[in-house]
Amino acid sequence: MRMVSAWTIGLVLLGSVGCNPSEGSGGDRVKVDFWYTWLGEGSDAMEKLIDEFNRSQDEIYVNGLAQGDTQKQMTAIVGGNPPDLASLPDEINLSSWAEKGAMLPLDDYIQTNGYDMEDYLPAAREAVTYKRKTYGLPLGMNTWMLYYNKDLLQEAGFDGPPKTIQELRKYEDKLSKKKDGRLVTLGLWPGTTPHIWMQSFEGRLWDPEKKTVTPLDPGFKASVQLSEDIWQKHGPENIDRLLAGNGTYGSPQDPFATGKYAMTLDGEWLAPLLEKNAPQLNYDVAPVPYDKNSPEAENAGYINVNLLYIPKGADQPDAAWKFMEWLTAKEKMVEFDTAIGNLPPRQSAMDDPIFESVPKFDRFLAYANSEKMEPLPSLPFMEKYMGEIHKQIDRINRGKVSLEQGLQEVEKEIQPLVDKMEK
Amino acid sequence: MKKKQQDFWLGLAFASPFITGFLFLTVIPFVQSFYFSFTEYDIFTDAKWVGFDNYIRIFQDENFYKALGNTFFMAFIAVPISLLVSLLIALLLNMKVKGIALYRTVYYLPTVIPGVAGSILWLWIFNPEMGILNTVLRYLHLPDPAWLMDPAFTKPSLIIMGLFGSGGGALIYLAALQGIPKDFYEAASIDGANWWHKFYAIILPALSPVTLFQLIMGLIGAFQIFTESVILTGGALGGPDQSLLFYAVYLYNEAFVNLNMGYASALAWILFVIVMLITVVIFKSSLRWVYYGGE
């Protein structure tokens, strides 16, 4: 507990440094308190935009605070003293918070102001919708692709990335290398959570008709099986050991940058990091391979978004909306997303020439634009559901339980939550 | 009489900051958590009375047993080990050698390092590839486990890490050691006792009150392990195969990640009862093995 409060204090201090006192409190302008979750470079980019907004008009004054702790937002909402506007780093809690009434539905604002929701990618729109109401506006979007080390693939005699899961398995087998009985190169890093690649097997985690969770869905099962097979083939102790020696993610010692992973599934933000920290690395990205038996799954994939929302009990929801509208307009969105290395969730922003300057973004944008992109289902118990899945997958990968058993456990644990909700 | 009453109110006024804090930060939350343990409460919506549901669910909860098992491991294996090591260090530091003040300082030093900083330091020491520990082990041609990555070694790693801070316990033992009258040793020597007799018949009984104190504090600490687990596992669900899922970590997850305040309160009360029971058992048994001088 001591640690938590120390972090909170640290974040608050960080936040107050990030504020810009030179503008003053803004006199008699309507003051909007905005807690955003971006830190470091993201915080700088956000402060720049907030400044620009504050200078652009004289009615509203936005007071930004970098505040990475989403629990603190929740506490503030419960305590009845929330900010007027806040951001969440992903949508996993949106349904749960919306269900509890902690977020203001934005549909009235969208309608009266003629805000163009249609411009958002359908999957991004879906991510901020719960029970047919919109609770947030996406500002950035993420998707995952297959990163592959061109040199290592070539060495192994492959001249292009794998297209199907069947090929992927073959590649993985050939690319993995051992030295003195110890794993030194992993063909494919199998730790990425299967919900990121289950679309490749037409897998799903929720049946909206029957209102049941479906961890035993054949597609999802197959995606877990893929990771289990890789773990079991190399042995968990070997993979643990390889992992343990990994350098910091995205740094020059990143396991993909140093060739410890020949292939890995990762998000678009890794590409700018690699360009900065591992410029010599010869790599490329490709759509996540799909199961040959599900040709429909070609180019299917997973997206998530970060979002802005108005907490329940906000003093100035109208002014907060105005700033939100300004910030999510195409130009500002593009400016912010390029700065933080995220994809823009707006269709009209996709072909903005500025993204040509970000490495590999053309590929990510084209992939994200596929109709087959999906977010996770909007369910109020999603955090718990994913937690349970992670836990069981860890046990399955380590051979502590069988695939079937582990996923049954997930169902047993989560389905009662659905039943309780439906009551 | 009047003066006495005035003193009473004045005293109360001076004590009021503590009383207010104790009341609002300890007593009221204590009572409230008891009430919430019989409800379903997610902070947002009003608490809903569910009777004993939470308590029944706890005893069917696999995570509860896992967390309890891990915590018991730390309490009943790690705590005795650390007591033993503290005692050994204290015995060493009690010797009359040159520069003993320096040694004492050096052994105590790690205790002042905050939990978070210490955990991060050990994260590096335990690194299976680049860490200093495995580098040495490999040099000696000994097996080099993956430490914090291997479910079988996570808790032993934590124990080793805990020994780093044994200086605090050693200091308390040292103070007690220095309080033993020299006559005892002299009398024992005249009777022809060797070092083992002295240790067994003088030092151990003389240190027993301190051992009781350290044992209870150690157990209470073990039941509250949180920082190390969260830092070493990056805040995940208890590390590889949940081998570092401790009671306090599980409680925290339920309360602040899953927002099951009612369930978490019930967990807290069960922990309270367990710690109470263990403390009572130790106190009762201590009548047999703790020796207070003069009795």
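Me: A polar contact is a pair of N or O atoms within 3.5 Å; within protein, one must be able to donate a hydrogen and the other to accept it, and residues adjacent in sequence count only if both atoms are side-chain atoms. How many residue pairs are in polar contact between chain A and chain B?

Reply: Nine, with both residues of each pair at pLDDT 80 or more. This is a predicted model, where local features need pLDDT of at least 70, side-chain atom pairs count only at pLDDT 80 or more, and totals for chains, interfaces and linings use all residues. Residues are numbered from 1 along each chain as its sequence is written, chains are lettered from A and ligands numbered from 1 in the order written, and side-chain values use heavy atoms, without hydrogens and water.

Me: Which parts of chain A touch chain B?

Reply: Two or more residues each come from helix 1 (2–18), helix 3 (70–78), helix 10 (236–244), helix 16 (382–397) and helix 17 (403–422) of chain A. Helices (H or I, at least four residues) and strands (E, at least two) are DSSP runs, numbered from the N terminus.

Me: Which one gives the largest share?

Reply: Helix 16 of chain A, with seven residues.

Me: What kinds of residue are on that side of chain A?

Reply: The side of chain A that touches chain B has 14 charged residues (Asp, Glu, Lys, Arg). Another nine are nonpolar (Ala, Val, Leu, Ile, Met, Phe, Trp, Tyr, Cys, Pro) and four are polar (the others, Gly among them).

Me: How many residues are in contact on each side?

Reply: 27 of chain A and 34 of chain B, with contact meaning heavy atoms within 4.5 Å.

Me: And how many salt bridges between chain A and chain B?

Reply: Six (side-chain nitrogen of Lys or Arg within 4 Å of a carboxyl oxygen of Asp or Glu). One is A:Arg395 with B:Glu62, at 2.9 Å from N to O. Over all chains, the structure holds 28 salt bridges.

Me: What about A:Arg182?

Reply: A:Arg182 forms a salt bridge with B:Asp144, the closest N and O atoms being 3.0 Å apart. A:Arg182 is in strand 8 (residues 182–188) of chain A and B:Asp144 is in the loop between helix 6 (132–139) and helix 7 (154–163) of chain B, so this pair joins two chains.
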